[in-house]
Amino acid sequence: MSLVTLTTDFGDGSSYVAAMKGALLTVNPAARLLDLSHRLPPQDVIAAAYFLADALPWFPPGTIHVVVVDPGVGTGRALLYVRWNCQSILVPDNGCWTALLRPDDPTPHVVRLENARYWRPDVSATFHGRDILAPVAGHLTLGAAPADLGPLVTDWVRISLPRPRVSDEEICGEVVIVDPFGNLVTNIPAADVTTAALVSVAGQPVPRRVRTYGDAEPGALVALIGSSDRLEIAVVNGSAAARLGVGVGAPVNVARPERQ
Amino acid sequence: MSLVTLTTDFGDGSSYVAAMKGALLTVNPAARLLDLSHRLPPQDVIAAAYFLADALPWFPPGTIHVVVVDPGVGTGRALLYVRWNCQSILVPDNGCWTALLRPDDPTPHVVRLENARYWRPDVSATFHGRDILAPVAGHLTLGAAPADLGPLVTDWVRISLPRPRVSDEEICGEVVIVDPFGNLVTNIPAADVTTAALVSVAGQPVPRRVRTYGDAEPGALVALIGSSDRLEIAVVNGSAAARLGVGVGAPVNVARPERQ
Amino acid sequence: MSLVTLTTDFGDGSSYVAAMKGALLTVNPAARLLDLSHRLPPQDVIAAAYFLADALPWFPPGTIHVVVVDPGVGTGRALLYVRWNCQSILVPDNGCWTALLRPDDPTPHVVRLENARYWRPDVSATFHGRDILAPVAGHLTLGAAPADLGPLVTDWVRISLPRPRVSDEEICGEVVIVDPFGNLVTNIPAADVTTAALVSVAGQPVPRRVRTYGDAEPGALVALIGSSDRLEIAVVNGSAAARLGVGVGAPVNVARPERQ
């Protein structure tokens, strides 16, 4: 039985997550549900893109993901079924899933959801996660064919995540995620950063380079390659975000002395 | 295998949710558990009532719901099994579930939990969710008959949610939920609100009426019919609660010029 | 099919929980997962110890628990498989699980995870929960033998939780948990506290002793035996932590007049 994961910006206290689960289970009471997160920043498509890029590659083939960060709910924006890496993603057409695509990936198989036979009979103007995406996911677990959900499309919203500027002398990137520990996760890939590189964030130098948090004493400000294989700035057993007073968007500079 | 949902005010950080899950699984290790929310406002029976009214109607027949918002734990208040709409609810007798009843619904089948054979042997004075409701839910998934849980009762605590006052000229309601987006959900049903109606909240006029959030520009203050089919005040891609500085209980006025 | 519970300090908003779930399901797509909490205080091994001591005893035999509070990730600290009370715990060797042991328990069966055949092929330096513990849990659900995970060990990190000092005249303990209701849970066992005892916290007397919260009027400051069978200080329908302005570590004194 296929597994359905749920990722939203609904928060944990509202009834919206519950309503979506109920609508899905109404279609298939035996569906297996798994929460990924319901605390994505409200209506933040870029944050959703980073979340999906860091989370979905770890899931096995056959997983169905319902992703609802949907500032355009009820407008003309489409809803999509995306076949990616043998997994299925049901998502508003806001581009958040396109961060999963690598430059040399084949063109993904994308269907625009139009077949209302798989939707709730009464579709509200404000909650397509409950009224369309959840029931479609339920039908997929029952064996509905993606091709029956609507027409194949070849155009969709693409988002471009901020990419670091790389030269021989330096890399200019930025903080793209502040994780719950206060670690500053950047958009600078590990491959671009040598161990001799000098890192600074928002103009403040990061004095130490380590392999993992515990390699320096508690309280030390360190740079390392984090769990997403990107450069990260951390305070050992503390919060770099709080210490440095910086957040998402802060500039990160990596000087490459060995290249000079 | 029946599904058991869990809804509490325990918070996500405490061991209470875990203990309740363990106590249920100790009775039936194969039980399927599903979190609805553990972040209901502490001991707020009215908030629980709104949550259940907005969440439970979406679930399929056969679902078992364990709901623990229980300021009276350990006192003489009863614990109930409620049969509602082919679903089962295990809940302290504080009335939160009675908001589910419609005026013309048949009298629900309600049992007072008295048969300690289905409880943990040692019942604490402070945690009946773990010691009584969770094991009873486990036994229900194993096929225990509701009639065996205790005597049928015909009296229970009823709560009355605040209802709007409706006249030919205006509707006087209030904000009853602030959702995680900062949307102000009112107690005014969609059916009472024409599109020409003039909406104000806490004396502040809401200039625009829209069908869905994305129908106005970001930052616009709008009124619309929300996901629970009630009037809602929102800021597009923002927080109406923060913008207007109002919360639960704020008065909402709907003037009906076309009736004058 | 064995159940796997997940307990971490990752927070609910990050992709780390999702990545760990995906890594586990990649090994066994049919594994049953259950969240206990992802909001343990960051890198707080003592808080994790109290959480496990209050949560794990409620689970049935055969449960597999993955517990990741891991300030030492990537350093030389070991990762352990622990057999406790017919349950399995996968955990960094930081001692948090040792609070589960009672003085007269038999020596637990502990294996150091060394067999990389059960790990992800690429193990990062910063996320062993995803790269080692989750896949090992997946393999356990598929029937892997604990003895095959690595060598038996007889030495591991032990933590000693603060114990109250008990004399004939008084007990000097402390607040060890502030629960989401603001209740102050102490380390003083119920057995040590008679009903005539006089309780004070941080020098402030607690005027009433009750059996359960609802036994006093809303707003009353009360002492009672809480859900973990330890002394607790609470404000009825309110927050003792906020009222008294105290938190974890605050001294709690129990005078025993009847012994004098």
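Colleague: Where in chain B does B:A99 lie?

Modeller: This is a predicted model, in which local features need pLDDT of at least 70, side-chain atom pairs count only at pLDDT 80 or more, and totals for chains, interfaces and linings use all residues. Residues are numbered from 1 along each chain as its sequence is written, chains are lettered from A and ligands numbered from 1 in the order in which they are written, and side-chain values use heavy atoms, with hydrogens and water left out. Strands are DSSP runs of E of at least two residues, numbered from the N terminus. On that basis, B:A99 lies in the loop between β5 (87–92) and β6 (109–112) of chain B.

Colleague: Is B:A99 buried or exposed?

Modeller: Buried means under 20% relative accessible area and exposed over 50%, with partly exposed in between (1.4 Å probe, protein chains only). Not counting residues up to four places away in sequence, B:A99 touches B:A49, B:A53 and B:L161, where contact means heavy atoms within 4.5 Å. Because its relative accessible area is 16%, B:A99 is classed as buried.

Colleague: What separates the C-alpha atoms of B:A99 and B:I46?

Modeller: Along the chain, B:A99 and B:I46 are 53 residues apart. In the model, the separation of their C-alpha atoms is 9.1 Å.

Colleague: Which backbone nitrogen does the side chain of A:S37 reach?

Modeller: A:S37 belongs to strand β2 (residues 32–37) of chain A, and it is buried, with a relative accessible area of 2%. Leaving aside neighbours within four places in sequence, its contacts include A:F51, C:D12 and C:G13. At 3.1 Å, its side chain reaches the backbone nitrogen of A:R39.

Colleague: How many salt bridges are found across the interface of chain A and chain B?

Modeller: The two chains bury about 2,500 Å² between them, 58% of it on carbon and sulfur atoms; buried area is the accessible area (1.4 Å probe) that two parts lose on being put together, summed over both. Of the area that chain A buries against chain B, A:Y16, A:Q43 and A:T126 supply 20%, more than any other three residues. A salt bridge requires a side-chain nitrogen of Lys or Arg within 4 Å of a carboxyl oxygen of Asp or Glu. Across the interface of chain A and chain B, the number found by this rule is zero.

Colleague: What ipTM does the predictor give the complex?

Modeller: The predictor gives the complex a pTM of 0.96. Its ipTM is 0.95.

Technical notes. Helix = DSSP H or I, 4+ residues; strand = E, 2+ residues; numbered from the N terminus. Polar contact = N/O pair within 3.5 Å; in protein donor to acceptor, adjacent residues only side chain to side chain.
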